Amino acid sequence: MRKELSSDLKKISPSMTLAVTAKANELKAKGIKVYGFGAGEPDFDTPKVIRDAAVEAMEKGYTRYTLVSGLVELRKAITEKYKKDFNLDYALDEVLVSSGAKHSLSTVLKTILSVGDEVILPVPYWVSYSEMVKLTGGKPVFLKTKKENDFVVTKEQLESVITDKTKAIIINNPSNPTGVVYTKEQLEAVADVCVKHGIYIISDEIYEMLLYDDTKFTCIASLSEEVKDISIIINGCSKAYAMTGWRIGYTLANKDIIKGMNTIQGQMVSHPSSISQYAAITALTTDQSITYDMVKEYKKRREYSLKKLDTISDISYIKPQGAFYVFIDVSKLYGKVYEGKKITSSVEFCSALLESKHVAMVPGIGFGDDDFIRMSYATDMDTIKEGLDLFEEFISELK
Ligand SMILES: Cc1ncc(COP(=O)(O)O)c(C=O)c1O
């Protein structure tokens, strides 16, 4: 007889986005064409200039251990980006590179949380936040935001959930799943409350370069020195440079936090792949049109998708200003029947849509809101056109 596995495993659930991708892959393996709007990753190849930098690094023999916090040259490139883009001054020991933004986040949580500490998660939240907090021994405190407020947290809402156990809030700006981008004033409202109570602001800014309609992005740490001191900025190369598989994420925070993260990361994983780190230096320092060219494509897909969604009755959404998602309210359709089955939740909606029309979207419940489903437009235009036609057909067939 084998011993039981960790009790921590019972506290968490697998990622809903990965589950949809797995089901869609199952259909694909059977030779069925699937219209994939599920995955949260760019469909572009990593730009050639970045791939070439990796090959060069290998050829030059840069294949050994690096510093735990990441190559000096990479951290320098990161600090220079923050100076140039946000006029922020970070020292090299205020930056740490990890194996993807997910790894940055989990290392941050391990560094700042003690058992029982509370972390505020505005709902809808990115799927992994709640599970990461639980795995670290913390307690997620869900704070429901309002669609009428563009899903942005207000001062009053935030004040209402703070206790003496509150350690941090995690905001995601631009947001996955809503695509909403906080204005400077909205960030100031959140920051004021956090400064007053001494709560860390973990700001996941991984989609910061993917913006539309002249939307201006404000890095929360740029609000003031006081705010910067309690801000923990998470960013990375996955989304901006189509480098999801390379696993490069990074954190900018005060020296004490970075020192703590360094100790934990040093014992757990050392550092991300040296080759990926060299590739990331090029990503950050080369002409940034590599990203803006991708944004141009996302923009076309977004415009098409929103126009099409506008023609479908009984659904609604908040216009996304960043990232590559639309969070669609389908709750008006709950109670209707598809092929004899009553649809009453986002999981039932997405399952019926996938099984009948082979269109993959993600149930909103994974992000804490069962009234919605998430569509990703990080896919080619033909898939978007055909897939959204099928989505419309599915809705029209609901009785
Ligand atoms: C909001 C958000 N944060 C972090 C990540 C993870 O990024 P990485 O692939 O660099 O770990 C994702 C990926 O989907 C994301 O959507």
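Helices are DSSP runs of H or I with at least four residues, strands are runs of E with at least two, and both are numbered from the N terminus. Axes are lines fitted to C-alpha atoms, for helices over the stretch in contact, and angles run from 0 to 180 degrees between N-to-C directions.

What you see is a predicted model, where local features need pLDDT of at least 70, side-chain atom pairs count only at pLDDT 80 or more, and totals for chains, interfaces and linings use all residues. Residues are numbered from 1 along each chain as its sequence is written, and side-chain values use heavy atoms, with hydrogens and water left out.

Start with two helices. H11, residues 289-310, packs with H13, residues 381-396, at an angle of about 15°, and their axes are 10 Å apart. H11 is therefore roughly parallel to H13, a term for angles under 35 degrees.

Now the ligand. It is surrounded by 13 residues, the closest being Asp204, Tyr207, Ser238, Lys239 and Arg247; a residue counts if one of its heavy atoms lies within 4 Å. Next come polar contacts, pairs of N or O atoms within 3.5 Å. Ser238 has a polar side-chain atom 2.6 Å from a ligand oxygen atom. For Arg247, a side-chain N or O atom is 2.7 Å from an oxygen atom of the ligand. Ala101 instead uses a backbone N or O atom, 2.8 Å from a ligand oxygen atom.

Last, the loops. Val123 and Pro124 are joined by a cis peptide bond, with omega about 5°. Pro124 sits in the loop between strand E3 and helix H5. Another cis peptide bond, with omega about -10°, joins Asn173 and Pro174.

Key: A polar contact is a pair of N or O atoms within 3.5 Å; within protein, one must be able to donate a hydrogen and the other to accept it, and residues adjacent in sequence count only if both atoms are side-chain atoms. Angles under 35 degrees count as roughly parallel, over 145 as roughly antiparallel, 65 to 115 as roughly perpendicular and the rest as oblique.
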